[in-house]
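Have the sequence and the model side by side. The tour runs from the whole fold down to single residues.

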Amino acid sequence: MSLALDVGARLRTLYGDDPARDEGVLHVVASWRAPDGTLPVIAIGAASPESPTDAFALRAARMRADAIVTTGQILRDEPALVHAEHDAALLAWRREAVGRREPPRSVVLTSGRSLDARHPLLRARPP
């Protein structure tokens, strides 16, 4: 089985379908179901619970995208953040199933105040 087919199979297990060709805006958040039934958002950080499945779902969502939108505040909170993907299977899925050869662009919403222009995300390729 090809690497791209492996990713598609894993996504079908999670979602019931492979979302490779879905279109529109996708917003990904980490949340959990609280005892009162609400879905509070988890602020990702060093103390956050780790989930390989959640990490895979986020990275697959990024591989579907033309652009990944983040904020200046996130860049200030995460000084090492980059959106580069290195997993060969996800990269193959992006090319073969999604039909995109270039990596997604990073878009930063910010006023620019106190944003470090040397941040790794701002220096990454594509710009």
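What follows starts with the overall layout and then stops at a few residues.

This is a predicted model, where local features need pLDDT of at least 70, side-chain atom pairs count only at pLDDT 80 or more, and totals for chains, interfaces and linings use all residues. Residues are numbered from 1 along each chain as its sequence is written, and side-chain values use heavy atoms, with hydrogens and water left out.

Begin with the fold. The protein has 5 helices and 2 strands. Both are DSSP runs, numbered from the N terminus: helices are H or I with at least four residues, strands are E with at least two. In sequence order, the pattern reads α-α-β-α-α-β-α. Along the principal axes, the C-alpha atoms fill a box of roughly 45 × 45 × 25 Å.

Next, burial and surface. The protein has 127 residues, and 27% of them count as buried. Buried means under 20% relative accessible area, exposed means over 50%, and partly exposed lies in between (1.4 Å probe, protein chains only).

Contact here means heavy atoms within 4.5 Å.

Now the charges. There are 17 positive and 16 negative charges, and their mean positions are 6 Å apart. Lys and Arg count as positive, Asp and Glu as negative; His and the chain ends are not counted. Each charge is placed at NZ of Lys, CZ of Arg, CG of Asp or CD of Glu.

The charged end of R10 sits over the ring of F56, 4.0 Å from its centre. The test asks for NZ of Lys or CZ of Arg within 6 Å of the ring centre and within 35 degrees of the ring normal. What of rings with rings? A search of the whole structure finds 0 aromatic pairs. A pair would need rings of Phe, Tyr or Trp (its six-membered ring) with centres within 6.5 Å; planes under 30 degrees apart count as stacked, over 60 as edge-to-face and the rest as tilted.

Move to the loop between α1 (3-15) and α2, where D17 is found. D17 counts as partly exposed because its relative accessibility is 48%. Leaving aside neighbours within four places in sequence, D17 is in contact with L11 and R12. D17 and Q73 are 56 residues apart in sequence, and their C-alpha atoms are 34 Å apart. V29 is also found in the loop between α1 and α2. At 45% relative accessibility, V29 counts as partly exposed. Its C-alpha atom is 13 Å from that of V69, 40 residues apart along the chain.

R59 lies in helix α2 (residues 52-64). With 28% relative accessibility, R59 counts as partly exposed. Not counting residues up to four places away in sequence, R59 touches E85, D87 and L90.

Finish at S114, in the loop between β2 (105-109) and α5 (120-123). Is S114 buried or exposed? S114 counts as exposed, because its relative accessibility is 60%. S114 has a positive phi of about 55 degrees although it is not a glycine. Most residues other than glycine have a negative phi.
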